[in-house]
Amino acid sequence: MAHQEINEENLSHDEIQYRYYIQRGLDFTKIELFRSAREHYKQALPYKPDDPFVLERIDACNEQIRKDRTKVLILVPLVLGLIATVIALNV
């Protein structure tokens, strides 16, 4: 299937803004900046309230943020314990 160009001159201002925020959200998701992605998806909502795609993307970002937070809460104490052990052994 060939990529179809869409002439933005025929789109409403709201549609252009919606697409802008969705694209920014997708771009941030690709580089795993989920908080920034979520904020851009949220900015798309006023242009298409209750849009299932946007709500799904926000939920996916929230889930990934929760997973990342869990990783941090597990890894930070381990790293601090390791640092404390190394310092204690070198004293």
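This is a predicted model: local features need pLDDT of at least 70, side-chain atom pairs count only at pLDDT 80 or more; totals for chains, interfaces and linings use all residues.
Glu32 lies in the loop that joins α1 to α2.

## Asp50, between α2 and α3

Asp50 belongs to the loop between α2 and α3. Although Asp50 is not a glycine, its phi is positive, at about 60 degrees. How exposed is Asp50, in terms of relative accessible area? The relative accessible area of Asp50 is 64%, and the residue counts as exposed because this value is over the 50% cut-off.

Helix α1 runs from residue 13 to residue 30 and holds 18 residues. From its first C-alpha to its last, α1 reaches 26 Å, close to the 26 Å expected at 1.5 Å a residue. Its buried residues are Glu15, Gln17, Tyr18, Tyr21, Ile22, Gly25, Phe28 and Thr29. An α-helix has 3.6 residues a turn, so residues three or four places apart point the same way.

Which helices do the buried residues of α1 pack against? They pack against α2, residues 34-44, and α3, residues 52-90. The face of α1 turned away from the buried side carries the exposed residues His13 and Lys30.

Conventions:
Residues are numbered from 1 along each chain as its sequence is written. Side-chain values use heavy atoms; hydrogens and water are left out. Helices (H or I, at least four residues) and strands (E, at least two) are DSSP runs, numbered from the N terminus. The expected span of a helix is 1.5 Å times one less than its number of residues. Buried means under 20% relative accessible area, exposed over 50%, partly exposed in between (1.4 Å probe, protein chains only). Contact means heavy atoms within 4.5 Å.
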